[in-house]
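Here is a short tour for a reader meeting this structure for the first time. Keep the view open while you read.

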Amino acid sequence: MAAPFSGGGVAVMTGPVLEIVGVSKRFGANLANDDISMTLAWGEVVALLGENGAGKTTLMSILFGHYMPDAGRILIDGVELPQGKPRAAIRAGVGMVHQHFSLAPNLTVLENVMTGTEGLWSWRSATSAARKKLLAISERFGLTVDPDARLGDLSVGEQQRVEILKALYNDARILILDEPTAVLTNIEAERLFTTLKEMARQGLSLIFISHKLDEVMAAADRIVVLHGGKMVAERRAAETSKAELAELMVGHRVTRPVREPSTPGAVALEASGVTVRIGGIDRLKSISFRLHQGEILGIIGVSGNGQAALAHLLSGTLARSCGDLRLFGEVVGNLDVADVVEAGIGRIPEDRNHEGVIGEMAIWENAVLERIASPAFSRRGLVNRKAGMAFAREIIDGFDVRGGGPATRTRLLSGGNMQKLILGRSLYRRPRILIAAQPARGLDEGAVAAVHARLLEARRQGTAVLLISEDLDEVIALADRIQAIVGGRLSPPVNADGADARRLGLMMAGEWQETREPDHAI
Amino acid sequence: MRFERREHRPLYLLIATPVIAIIGALALAGILISIAGAPVLDAYWRILTGAFGSRLSATETLTRATPLMLTGLAAAVAFRARLWNIGAEGQFYLGAIAVAAASSKLLGNLPAPILIPLLLLVGAIAGMVLILIPLWLRLRFSVDEVVTSLLMNFIAVLFVSMLIDGVLKDPLAFGWPQSQSVSDHAMLAKLIARSRLHIGFAIAILLAIVIHFIQSRTVFGMQSRAAGLNPAGAVFAGVPLGRTLVKVACLSGGLAGLAGAIEVMGVKGYVTTDLSPGFGYAGIVVAMLANLNPLGVVFAAIFTATMFVGADGMSRGLGIPTYIADVTVALSLLTMLIALFFTQYRIRR
Amino acid sequence: AAPLKVAGIHASPVENAWNSCLHKALQDAAKEGVIEYVFSEGVSGTDYPRAMREYAEQGSKLIIGEAYAVEKEARQVAADYPETAFVLGSSGEQAGDNFGVFGTWNHDGAYLAGMLAGKMTKSNVVGSVGAIPIPEVNMLINAFAAGVKAVNPDAKHLVSFIGTFFDPPKAREAGLAQIDAGADILFGERIGTADAAKERGIKSVGSLVNYTPRYPDTVFANAMWYFRPILNAAIADVAAGKPVGRNYTSYGLMKEGGSDIVFVKGVAPAEAEAAMEAKRAEIKAGTFEVPKMMEEPK
Amino acid sequence: MTQLFDIIASAGLWAAILRIATPLIFGTLGALLCERAGVLNLGIEGIMTFGAMIGWLSVYHGADLWTGLLIAAIAGGVFGLLHAGLTVTLGLSQHVAGLGVTLFASSFSYYVFRLIVPLANTPPTIVPFQPIAIPGLSTLPFVGPAFFTQTAPTYLAILIALLMAYIFFRTPVGLAIRMTGENPHAAEAQGVNPMKVRYGAVIAGSALMGMGGAFLTLSAFNSFFPTMVQGRGWICIALVVFASWRPGRALFGALLFAFFDAFQLRLQTALSGLVPYQLFLMTPYILSIAALAIMARRARVPQALMQPYRRGER
Ligand SMILES: Nc1ncnc2c1ncn2[C@@H]1O[C@H](COP(=O)(O)OP(=O)(O)OP(=O)(O)O)[C@@H](O)[C@H]1O
Ligand SMILES: Nc1ncnc2c1ncn2[C@@H]1O[C@H](COP(=O)(O)OP(=O)(O)OP(=O)(O)O)[C@@H](O)[C@H]1O
Ligand SMILES: [Mg+2]
Ligand SMILES: [Mg+2]
């Protein structure tokens, strides 16, 4: 069957290209997909929307054959797809761009693209024909890459392109993109959507997953909303609004706490001209900021622009190459984690599973690990288990951590509860400074509200909060002042009260020069 | 058929699986025994009595378990921190030769109460030195230590072979490549007279208890566990990763070196290149059987030695090939590995 | 009398030539009803003392084996079991009443084979492949070299040691290396040497057991060693209740019938064979003694 | 000095190098194939032992030599299946499973051998592979006797090395194997079943190991005896690293190692042990570690080596 778009002309097709019928999937006790049915028409762009954990990736993985559904069928052009066979899906014209890249850094672009595209048992790879085809596709859709470059040497944006090229190379007629813009800069994201629209015009059918409502409204023809594993709504883009979508996603109206006006105190943390270089690349380029007690300073930006380096620097896990750091007016040298904890800096890491907790250890161990050397939890190298358990219990009670006692393995907690545990251990001692990186990422609306309330309470009590977040609404709601981070540089701060999304968007695109205005706060 | 991770490990499984594994291993060994034409039930009985049926067999089993406990602890300590030390065999030999060298060339004249602890320390340090090379390569060049520590084994044994053929060669050994003997007063006292069981056995058990204590009660134990389970998380929580790994490595290499030292000072008295019938490798087996638990290592080592000594004696009694002993041990390992897997996973569909 | 309970403990697999000498003698004695024979093979150094103890406890009256790798411990075991007689191959001395030793002195045969080889070599280079330069191996190789030199003072003699007792492919490689270095007759102290000779179509001399049936056109002479005389002496001592704590080596000498040369007639020149036979008679008569040179051959 | 030169210039040395290298070539290629698919196979030592035993036993019981070699390959494959079952299906830690396989396969070989072959004065023998003089080439001076008078399996080993290089870098299945070793998730996403690829690679690789073992008893020597593999398997594991996972370099590495071994034996004959032979034997290991240290920087190690792939687990 020839790919319809490869003819270049606009053919007319009737009936859906893809039908998902009654798909269910259970992980342990967790029903990730609950009897989901949806369709996709030829040349259509559908956005799949839902909170984290709503089951979007799971549904797409089932469609692509990574997971076996517990129930349900997938039809392509009316023909049922065998379950659990990515190869069959590829053959039927499904291409998938994964949420986490699946590429081999040691192989070349061409090799990455070619894998699995020929019959395994041929005596020769048709390399030159493949290169020609790859170049043709990349030219046609404006996705330029060097076919012979080693993949590991490419930038994230280029790798994303390779992911899409891989799908297109297989003559995909249905392209699934799982959060394709999560790691892209705004400009890259815009370019991507231009390309995607062009593909749709040429006859490709697309499903993309995104948390960014603006993108969804701009690019999708139709929007499907999942909630708690169920499909809860389906809307034409023209007939809905961002507000409606938000409510559909969450399932109910949630009132987030609001920031009350306050007067910030003394400067708690000051950076001037700080540069962080990792492996020859400047992740932070001479950044400066001041963080006051009793205020929340929001750092916005598209991920991958230096947020991680900033958070790690202030968390004591990264050393700076040059510049000054002052804590309460005193210049400090390179901080390690012990110094940071000692200085009363609380930390909420960006990646809670990877850094925030050690899943196989008990809750109490995770609660005390960062302060295990302090006399509160150990003496002469011996762990005071009793004190640790008591501390954990206080956090569990005080921060409403549900899902287990102090001795429960932390891995068993859900994301939101894990986050509450981390929040609890950082805030319990009333830190003077709190570094919060994406504190509400991956949490459902209720948990988000709880986290926000905690952050505002900390602010009220005089803690200086540095909030690093990609979520503009969150930052606007919480922060007193906002700075944008782009390519390792920090914009001058703006007052949150006067800021709107459009202007912040421009800042995140690096265009603060034009919008510069006097800094009121200082 | 897929495997799904268990969220909870029911107690009955933890108890039942090793039993099932042992039964499985014995059943498979039984097939081989009956192929050799020997009565299987009699063979099982002889394995038991061969390992524990007399004062001799019991002390022999425990003697053989001693180095296994120490190399088992060496592997367990390292593996728990995800440091894949496959080099216990080399560390064992280096510990052994260091003791022989120190005793014959340097310290031999010291009185026993000073000499013996000093020699044990020397053996342990030699083991540490050897493992620090792969660890350094890992920390400095991110070279995986599985292969490097494995390679160090061969270098170590060749090094020992060179020494016992050269500077450390015993001139009284009629040209045999063997090291000079450790002084008589440096030999470890016997636990039981007229047997080979020496106080090294008690030292090994004591160390297992100490290490259990370290792992479960100390800051270092908690930190090394964290480092093993999730390095990034450990770093974020302020665990000094490099330093922790160095300490773990020293503990692991030290235990393996000590195993060599104790084998020389407790049993053999001098070093040859066949001092170890693979104690270093068997230690990995023992550690896995014990699920990396230090107290479990004591039992796993005794179990392994029981299987070996018992099956060895059984083969002598029934006149079937001696190699059945190694086969039985290997089968026990394989069945135990599979059984342990099913304590962590269940089959789904 | 009831047959004596004898146990054999072999550190190597019994295929190893030396062990096979013991094994065969013991099996023969068992067949004749003189003894009851049980054995273990491939017993590592760590396990060897245990095997000794186990047999002692199981009631074996005489234990035959090899103490080389466990000299110290073997004597310890013997001291612990004074009721059991131990007669082990050893480079050391006997100990106490119940620990006897024997060496493997088949150097007479090696000397005689050397006399044949010295007259046969065309390249005037012969070679020996040995295990490890221990006294008994040295003595054997030195005797072969002495035999060669006795009839052909100009001949060159090459030596290599493979560093282990049982690694035939390695012995073969060592043999090939010597052939490449010019040798045209090889003395194979170790099994595997003759394979090299066979491959290159040259002649070779065997040691301990008769290799001629295995390599018919290659091995023309063997320095045989028979364990039976030693075994018989030990059995007799045990039966008579006499202490076995003595050195049994001499029972393995040619003049005692414990060793000899076995050769294929007509391969060596007739006069060489005649000269050799004359020497053989002298040795048997005790009028000629082959020099015992224990130092490492160069 | 001239002595050294004589040794190096002798055709016998070079012929010996190829001969000593052959089992290493087989074993290294086998281990390399497994590792390229992401599976470390420390079962190699035992698998080679079993191959040596079963290959010899088959021929001893009347099979012809090639059948013996084939049976050794199949037996190797069966142990590969065991290793794959433990490491691919169950995802157990690869080095522990591998050590288990080695422990089992070697002791099992000795046991079977002792059961089937009666005790004898000297090990029973078979007629091994005979050197084949390649017409035309074998009569060339020096080069002929050095390189073109080997037994058939030696030529086969070299052929397989070249073939494997071709397969890895020129065919779709080679790419699929490499992708699986680099990132099984990516392979899966492109319709390549990483489980199947790993099974295939481990079984085929283990079959090569079995053949390497069989070479010892069917060509290098003519009988089997316990412990005859003598650590050659571990050397192969080192050589894979030394070869930075490339078949061509594996060939070179095996030859280099064999050079040290052959040279050492000859040097001993010539110089009677002025340099401890252990130093020579150590060299390849030290070189391997050095190579690893240099290469790890460039991160050419198969990225998914030793990482179990479990479907649908994240
Ligand atoms: N392999 C798995 N094993 C166990 N649980 C899983 C697995 N994959 C997904 N889940 C669970 O299924 C649910 C749905 O996950 P899924 O990845 O589909 O969410 P999502 O909507 O894609 O979220 P996100 O926006 O974070 O990508 C979650 O609760 C998740 O924890
Ligand atoms: N890879 C996995 N394997 C097994 N279970 C998982 C996995 N990922 C998630 N789970 C389980 O799925 C459940 C939901 O996980 P998820 O991270 O989606 O929580 P959540 O819905 O975001 O939590 P909350 O509602 O508290 O915010 C939890 O019980 C978690 O333990
Ligand atoms: Mg969620
Ligand atoms: Mg997702």
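## Charged pairs in chain C

C:Arg172 and C:Glu173 are both buried. The model is a predicted one. These two residues form a salt bridge with each other, and their closest N and O atoms are 4.0 Å apart. C:Glu173 also reaches another chain: its side chain meets that of D:Arg19 in a salt bridge (2.9 Å, N to O). Side chains of opposite charge can pair when their charged atoms come close.

Next comes the pair C:Asp237 and C:Arg246. Their side chains form a salt bridge at 2.9 Å, N to O. C:Asp237 counts as buried, because its relative accessibility is 5%. C:Arg246 counts as partly exposed, because its value is 27%.

A further salt bridge links C:Arg280 and C:Asp260 (3.0 Å, N to O). C:Arg280 sits in helix α9 (residues 270-285) of chain C and C:Asp260 in strand β11 (residues 259-263) of chain C, so the pair ties together parts that are 20 residues apart in sequence. C:Arg280 counts as buried at 15% relative accessibility. C:Asp260 counts as buried too, at 14%.

## A network and a total

Over all chains, a search of the whole structure finds 53 salt bridges.

## How the chains meet

Which chains share the most contacts? Of the 5 pairs of chains in contact, it is chains B and D. Here 45 residues of chain D touch 48 residues of chain B. In chain D, the residues that lose the most area to chain B are D:Val96, D:Tyr111 and D:Ile289, together 16% of what that side buries. The two chains bury about 4100 Å² between them, with 84% of it on carbon and sulfur atoms.

Now turn to chains D and C. Their contact takes 27 residues from chain D and 32 residues from chain C. About 2700 Å² is buried between them, and carbon and sulfur atoms give 54% of that area. The count of salt bridges between these chains is 2. Chains A and C are another matter: no contact joins them, and their closest C-alpha atoms lie 39 Å apart.

B:Leu28, B:Ile31, B:Ile35, D:Leu115 and D:Ile116 make a nonpolar surface patch of about 420 Å². Two helices each supply at least two of its residues: α1 (11-35) of chain B and α5 (94-116) of chain D. The most comes from α1(B), with 3 residues.

D:Ile116 belongs to helix α5 of chain D. Its relative accessibility is 40%, so D:Ile116 counts as partly exposed.

## Strands in chain A

Strand β11 (residues 267-278) of chain A has two strand partners to look at. With strand β12 (residues 281-292) of chain A, β11(A) runs antiparallel and is joined by 8 bridges. A:Ile278 stands opposite A:Ile281 in β12(A). The hairpin of β11(A) and β12(A) has 2 residues between the strands, and A:Gly279 takes a positive phi near 55° there.

The other partner is strand β14 (residues 322-327) of chain A, which pairs with β11(A) in the antiparallel sense over 5 bridges. In β14(A), A:Leu325 is the bridge partner of A:Ala271.

## An enclosed helix in chain A

Why is helix α9 (residues 307-315) of chain A described as largely enclosed by the rest of the structure? Because 7 of its 9 residues are buried. The buried residues are A:Gln307, A:Ala309, A:Leu310, A:Ala311, A:Leu313, A:Leu314 and A:Ser315. Just after α9(A), A:Gly316 takes a positive phi of about 90°.

## A buried histidine in chain B

B:His198 lies in the loop between α6 (145-165) and α7 (200-217) of chain B. Is B:His198 buried or exposed? At 0% relative accessibility, B:His198 counts as buried. Leaving out residues up to four places away in sequence, B:His198 touches B:Thr63, B:Thr66, B:Leu188, B:Ala189, B:Lys190, B:Leu191, B:Ile262, B:Gly266 and B:Val267.

Technical notes:
Residues numbered from 1 in each chain as written. Chains lettered and ligands numbered in written order. Predicted model: local features only at pLDDT ≥ 70, side-chain atom pairs only at ≥ 80, totals over all residues. Heavy atoms only, no water. Patch = residues over 30% accessible without salt bridge, like charges linked within 9 Å, V, L, I, M, F, W, Y side chains within 5 Å. Areas by Shrake-Rupley, 256 points an atom, 1.4 Å probe, with all protein chains shown as cover. Helix = DSSP H or I, 4+ residues; strand = E, 2+ residues; numbered from the N terminus. Buried < 20%, exposed > 50% of the residue type's maximum accessible area, 1.4 Å probe, protein only. Pairing = 2+ DSSP bridges. Contact = heavy atoms within 4.5 Å. Buried area = accessible area lost by both parts, 1.4 Å probe.
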